[in-house]
Amino acid sequence: MTDPTPSTPPPDVMIRLEGLAKRYPGQSADAVSALSMDIRRGEFVVFVGPSGCGKTTTLRMINRLVEPSAGRIWIDGEDVTDVDPDRLRRRIGYVIQQIGLIPHMTVAQNVGLVPRLLGWDKARIRDRVDELLDLVGLDPAVFRDRYPKQLSGGQQQRVGVARALAGDPPVMLMDEPFGAIDPITRDRLQDEFLKLQERIRKTIVFVTHDIDEALKLGDRIAIFGEGSRLAQFATPLEILSAPADDYVRSFVGSGAAIRRLGLLRVADIPGGGTPPSDGAVRVTEDHTVYAALEKMLESGTDRMVVGGNGRGERSLTLRDLLLAAARAKGEPR
Amino acid sequence: MSFLEYVDRNSDRIAFLTVQHVEVVLLSVAIAAVIGVGLGLATERAPRVRRALLAVTGTLLTIPSFALFGLLIPVLGLGLAPTVVTLTVYAVFPILRNTVTGLETVDPAVIDASRGMGLGSRQRLMLVRLPLAWPVILNGIRVATIMVVAIAAIGAAVRGPGLGELIFRGLSRIGGANAFNEAMSGVAGVVLVALTLDLLFVLIGRLTTPRGLHD
């Protein structure tokens with residue numbers, strides 16, 4: 001539709017926002033002003049910031065639930081700023097905190113709604129529904145014909161995620177999807193969703209006000225300040241190691257060095273090789289440094305044996321760990 | 001003659017008038033339903049017009065029905081026409097009001113999610129909003145029906161069809177032979193029709209409320 005212009009994004013960019021702005025009628029200030037960012041294909045980007053910072057408005061401009069006042073939006077190489085919004089939205093998964101399952105439709109009808117709009121035949125829709133329910137950890141035989149109000153909050157949001165994935169959209173927009181769910185279930189849903197993302201590799205834009213959720217989930221995190229100022233857009237490790245300014249530092253809060261340990265894996269620590277010694281704790285290369293350190297503190301030892309992942313065994317000391325943690329400061333992941 | 005004897009001897013006439021009564025009520029409510037739901041949908045983007053309509057139709061309810069029937073004689077004459085028009089006028093308000101309420105009380109999160117999935121405004125209305133508003137709209141139709149069953153009896157004042165004829169004739173010659181029985185049979189018929197239609201609506205409600213909305 002549009003001619004390739006100098007601003008047409010390269011193929012590895014899935015979402016490009018260019019000078020995006022929103023001012024609501026009757027307001028003297030922009031809700032979002034002149035925001036530009038590129039989100040890469042398959043990337044999990046988290047928007048985080050205090051309420052009123054424009055993160056949700058920005059998210060809702062990507063599928064044009066909010067029409068931008070200025071600027072352009074590209075998705076998958078196409079300028080979608082002026083395309084038919086309903087057709088655009090069928091290609092973009094959308095998950096919200098309040099879930100919004102349609103109460104008079106069964107789980108299968110909710111999940112199958114977008115495929116139905118896309119004109120799929122019934123057999124294909126049924127297969128897709130079962131596949132997706134499996135994917136989000138709900139047994140299709142049990143849940144297919146249930147109604148939303150027969151489900152727990154956690155189950156409803158699994159259905160919400162399945163529904164957003166139904167048309168196999170390349171992009172998912174998630175507005176605090178786990179915000180209204182109890183902490184234990186939320187933690188489990190986050191873990192499951194990360195595993196799911198490893199398989200499906202969608203381009204995800206995820207809004208939260210919880211910095212810990214952002215650090216846990218995001219490949220990159222966009223920290224919004226007042227008036228939609230993009231204070232920093234970087235990996236979790238970069239944000240913890242090298243906060244761009246005092247605002248980011250205070251938003252991330254205390255304990256950055258400790259929290260960094262949760263982002264490092266034992267595999268990231270070089271060296272070792274001393275033969276296993278008595279009294280050492282056993283960990284795997286996949287453990288976070290945080291978990292490994294905790295094991296050492298619990299057993300009162302300064303030594304651990306790392307096994308698994310076919311690398312053979314090696315042993316690391318507390319000192320190796322501390323050096324690695326210090327080195328990680330300022331280095332991108 | 002006892003009341004039951006009276007009813008027994010005049011059962012043909014009473015039955016005929018009862019059927020007429022039901023017919024004129026259902027006809028009027030059907031027209032009012034089309035108008036009420038239609039106006040409710042048509043004014044979605046015109047909240048001022050909607051408020052004005054609710055005020056006007058609500059005010060019409062305060063006109064005594066006997067007066068309204070009479071006022072329509074110069075325009076519509078006697079018989080079926082003024083009866084149906086009057087009953088329709090009364091039935092529009094509860095249906096319009098419940099249509100508006102039903103649509104307004106649909107969970108905004110459900111609407112937002114539906115928009116976000118790519119349902120256009122028409123699809124949102126047909127697939128999501130109307131089914132969810134339906135139990136409330138139906139209740140408006142039910143209230144309108146019960147109300148109009150009673151008002152229809154007054155229609156006999158303009159020679160309208162239905163059980164009102166028994167009441168008016170009976171009352172006009174009270175003290176005469178079987179006058180009380182005649183009026184009573186009309187009143188009993190109206191009450192019976194109202195109760196029956198009410199039950200019918202409960203049944204329709206059960207059958208047409210989407211399963212996911214049942215408690």
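Among contacts in chain B between residues at least 6 apart in sequence, what percentage join residues at least 24 apart? It's 74%, with a contact meaning heavy atoms within 4.5 Å.

A quick word on the ground rules: this is a predicted model, where local features need pLDDT of at least 70, side-chain atom pairs count only at pLDDT 80 or more, and totals for chains, interfaces and linings use all residues. Residues are numbered from 1 along each chain as its sequence is written, chains are lettered from A and ligands numbered from 1 in the order in which they are written, and side-chain values use heavy atoms, leaving out hydrogens and water.

Let's stay with chain B. You'll find ten helices and zero strands there; helices (H or I, at least four residues) and strands (E, at least two) are DSSP runs, numbered from the N terminus. The C-alpha trace of chain B spans about 70 × 40 × 20 Å along its principal axes. Of the 215 residues in chain B, 46% are buried, meaning under 20% relative accessible area, while exposed is over 50% and partly exposed lies in between (1.4 Å probe, protein chains only).

Now hop over to chain A and look for A:Ala70, which sits in strand S4 (residues 70–75). A:Ala70 counts as partly exposed because its relative accessibility is 36%. Leaving aside residues up to four places away in sequence, A:Ala70 touches A:Gly19, A:Leu20 and A:Ala21. Take A:Gly19: A:Ala70 and A:Gly19 are 51 residues apart in sequence, yet 7.0 Å apart in space, C-alpha to C-alpha.
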